[in-house]
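Subject: Structure handover

Hello,

Here is the structure I promised to pass on. Please open it alongside this email, and follow the notes below as you look.

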Amino acid sequence: DIASLLESLREVSLQNSIHSVFSRYVDMVFRTLSHVDRGTIWHCDSEYRIFSCLYERTSKAFHGQASFGLTQLRYAIKHKEATIFEVNRFDDQSIEPSTVMIVPVCEDQFENAVAVFESTHCFTHREFEWVTLFTKNAAASASRMIINADLSDVLDGFIRATISALDTRDPATAGHSMRVANYVLMTALAIHSQTTGPFAQI
């Protein structure tokens, strides 16, 4: 069914777009704060029990595991409060002091998400303020993508209702608009799948 294919393609595209925003956000933090060893985006359920990592990036210098727990993540999400604290990072051979910055993603669409950055250097107050502001901007950008997708669904529904009304009025041409749309989609997918020939670059 073409409609369900389109819906699943739109959902995958939206998820990829959001993932792209957060990955670019973490990459920008890494480029700006060169001492950051690890950046992650975490999300939890509405009861603050189950956490999942949405995105992770580590530097070549990163090793071991920081000893901060879910308590700090829960606190940041519940209270919408960014924080910095010291922890010990463990690996097989050593214990190394590390600084962790947790910044909540304060957007309705991502209200149960936090960004976590780890470094063996201390974060300055200026870096802390910059990351907090940058996090809000990245979240707002991802949130706009979801709103735009919702508006697109509303417009799509309006167009389908209009087509349905036209088809009901004239049984002789009923279904014509949907058939044309399906032919256009199939043609576009066929052109997109070409790897050689005149349509390969489209």
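Which residue just after helix 2 takes a positive phi? Lys-80 does, with a phi of about 50°. Helices (H or I, at least four residues) and strands (E, at least two) are DSSP runs, numbered from the N terminus.

Some ground rules before the rest. This is a predicted model: local features need pLDDT of at least 70, side-chain atom pairs count only at pLDDT 80 or more, and totals for chains, interfaces and linings use all residues. Residues are numbered from 1 along each chain as its sequence is written, and side-chain values use heavy atoms, with hydrogens and water left out.

Helix 2

Helix 2 covers residues 70-79. Its buried residues are Leu-73, Ala-76 and Ile-77. Seen down the helix axis, these buried residues fall within an arc of 95°, so they line one face of helix 2. That arc is taken from the directions from the helix axis to the C-beta atoms. An α-helix has 3.6 residues a turn, so residues three or four places apart point the same way.

Buried here means under 20% relative accessible area; exposed is over 50%, and partly exposed lies in between (1.4 Å probe, protein chains only).

What do the buried residues of helix 2 pack against? They pack against strand 1 (36-44), strand 2 (51-58), strand 5 (95-104) and strand 6 (113-119). Contact means heavy atoms within 4.5 Å.

Salt bridges

Side chains of opposite charge can pair when their charged atoms come close. A salt bridge is a side-chain nitrogen of Lys or Arg within 4 Å of a carboxyl oxygen of Asp or Glu. How many does a search of the whole structure find? It finds three.

- Arg-57 meets Asp-27 at 2.9 Å, N to O. Arg-57 sits in strand 2 and Asp-27 in helix 1 (residues 2-32), 30 residues apart. Arg-57 is partly exposed, at 29% relative accessible area.
- Arg-38 meets Glu-56 at 2.9 Å, N to O. This pair links strand 1 to strand 2, across 18 residues. Arg-38 is buried, at 8%, whereas Glu-56 is partly exposed, at 40%.
- Arg-38 also meets Glu-118, at 3.0 Å, N to O. Here strand 1 is linked to strand 6, with the two residues 80 apart. Glu-118 is buried, at 0%.

Now put the Arg-38 pairs together. Arg-38, Glu-56 and Glu-118 are linked in a network of salt bridges.

Best wishes
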